[in-house]
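Hi,

Here is the structure I promised to pass on. Have a look at it first, and my notes follow below.

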Amino acid sequence: MRAARIHAWGAAPVVEEVPEPVRGEGEVLVQVDAGAVAHLDVTVASGEFGLKPNLPYIGGVEGAGTVLEADADSGLTPGTQVVLRGGGLGVVRDGTWTERVSVKRKAVTPLHAPLEPAVAASFFVPATTACVALHDVGRIEKGDEVIVVGAAGAVGAMVAQQALAAGARVTGVVGRADQVADVPEGVQTVELADTDQTERLARDRPASLLVDTLGGEGLIGRSRWVRQGGRAVVIGYVTGARVELDLPSWLLDDVALLPVNMIRQERRAREVADDLVRRLSAGELTVTVEKFGLTDIATAMDALRGGRVRGRAVVLPG
């Protein structure tokens with residue numbers, strides 16, 4: 001059986017033959033059809049994460065596959081399509097960058113509607129994050145004017161789609177001209193480099209809700225695209241982890257800065273996942289994925305680090 005293993009912190013994964021997994025009591029043996037390549041995978045592989053698996057280890061904190069074998073009382077039968085995440089996968093135990101894996105039952109979620117394997121492996125984080133950010137944190141309402149910053153990314157594109165479905169008018173902000181094509185249909189697009197458009201947003205303050213996936217020093221300025229009494233929901237910090245807040249100006253702006261903590265929202269994410277799977281299966285929502293072969297996983301990680309992945313990166317072990 002082949003797998004991609006990390007042998008040293010900061011080193012590229014090595015694809016090699018490894019022993020077949022042996023299913024333990026309470027575990028599920030799964031044929032891995034697709035394994036996501038996530039930012040957490042890159043962080044764990046760097047050796048700078050708070051939790052470290054024993055070297056060498058098989059990476060992959062998320063994936064999707066087909067049940068091969070499970071306990072009789074598990075509620076899972078062979079042939080069931082499942083999502084793999086949690087249970088220490090790729091963090092404290094071997095993950096999904098392999099052909100087969102035996103995992104704890106709590107790390108296995110059956111799908112109640114069929115999904116293409118690459119989508120099944122990668123939808124959970126962007127789809128559930130978008131749902132929680134819009135509905136639980138942002139309290140979106142029909143007719144809201146929503147600005148999505150980073151609308152070409154996996155999470156941003158999903159936020160834009162779900163905001164449209166909720167009856168909002170949506171503007172998507174992208175960093176580069178080549179990202180415009182990745183913004184969902186029905187979304188008005190603004191490029192950050194277009195000063196005429198960004199100055200208009202600052203002048204008119206048209207949004208009732210802003211969802212920001214970028215963070216960094218520009219966050220407070222972008223929050224001023226929101227009218228007084230509005231909300232700015234903060235999901236990520238890919239362009240920087242710090243902002244400087246001038247309190248008198250912030251009080252005058254009167255825009256609530258609302259964090260999305262998906263670690264605390266894990267239970268809620270699992271609650272909304274079934275409906276999101278149904279909508280993805282029906283084609284109401286889409287996730288853009290870029291597929292890599294198992295031997296190309298180092299290329300996938302480099303592309304993710306460099307921000308060159310369209311949507312989400314997924315490795316196909318077969």
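Before the rest, the ground rules. Bear in mind that this is a predicted model, where local features need pLDDT of at least 70 and side-chain atom pairs count only at pLDDT 80 or more, while totals for chains, interfaces and linings use all residues. Residues are numbered from 1 along each chain as its sequence is written, and side-chain values use heavy atoms, with hydrogens and water left out.

Back to S102. Its side chain makes a polar contact of 2.8 Å with the side chain of E27 (a polar contact being a pair of N or O atoms within 3.5 Å; within protein, one must be able to donate a hydrogen and the other to accept it, and residues adjacent in sequence count only if both atoms are side-chain atoms). If you leave aside neighbours within four places in sequence, S102 is in contact with P21, V22, R23, G24, E27, V28, L29 and R93 (contact means heavy atoms within 4.5 Å).

Overall picture

The protein has 9 helices and 16 strands; these are DSSP runs numbered from the N terminus, helices being H or I of at least four residues and strands E of at least two. With 318 residues, a compact globule would have a radius of gyration near 20 Å, and the protein agrees with that at 20 Å (taken over C-alpha atoms, the globule rule being 2.2 Å times the number of residues to the power 0.38). Along the principal axes, the C-alpha atoms fill a box of roughly 60 × 40 × 35 Å. Of the 318 residues, 50% count as buried. Among contacts between residues at least 6 apart in sequence, 67% join residues at least 24 apart.

The sheets

There is an open sheet of 6 strands with parallel pairing, in the order β11-β10-β9-β12-β13-β14 (two strands pair if DSSP finds at least two bridges between them). β11 (188-191) and β14 (256-259) stand at the edges with a single partner strand each, so one side of each has no neighbour in the sheet. From one strand to the next, the twist averages 20° (axes are lines fitted to C-alpha atoms, for helices over the stretch in contact, and angles run from 0 to 180 degrees between N-to-C directions). β13 (residues 226-234) and β14 pair in the parallel sense over 4 bridges, and V233 has L258 of β14 as its bridge partner. Packed on this sheet is helix α4 (residues 154-165), which touches β9 (145-149), β10 (169-174) and β12 (207-212). The direction of α4 makes about 170° with that of β9.

An open sheet of 3 strands, with antiparallel pairing, has the order β2-β1-β4. Its edge strands are β2 (14-17) and β4 (57-58), each pairing on one side only. β1 and β2 run antiparallel and are joined by 4 bridges, with A4 opposite V15 in β2.

In helix α9 (residues 297-305), the residues I297, A300, M301, A303 and L304 are buried. They cover an arc of only 160° around the axis, which puts them on the same side of α9 (the arc is that of the directions from the helix axis to the C-beta atoms). Their cover includes β1 (2-6), β3 (27-37), α1 (39-46), β15 (289-293) and β16 (312-316). After α9 comes G307, with a positive phi near 70°.

β16 has 4 of its 5 residues buried, so it is largely enclosed by the rest of the structure. β3 joins β16 through 3 bridges and runs antiparallel to it, with A36 opposite V314. β15 runs parallel to β16, with 5 bridges between them, and E290 has A313 of β16 as its bridge partner.

Last, K291, which sits in strand β15. K291 is partly exposed, with a relative accessible area of 46%, and its side chain makes a polar contact of 3.4 Å with that of E116.

Cheers

How values were computed. Buried means under 20% relative accessible area, exposed over 50%, partly exposed in between (1.4 Å probe, protein chains only).
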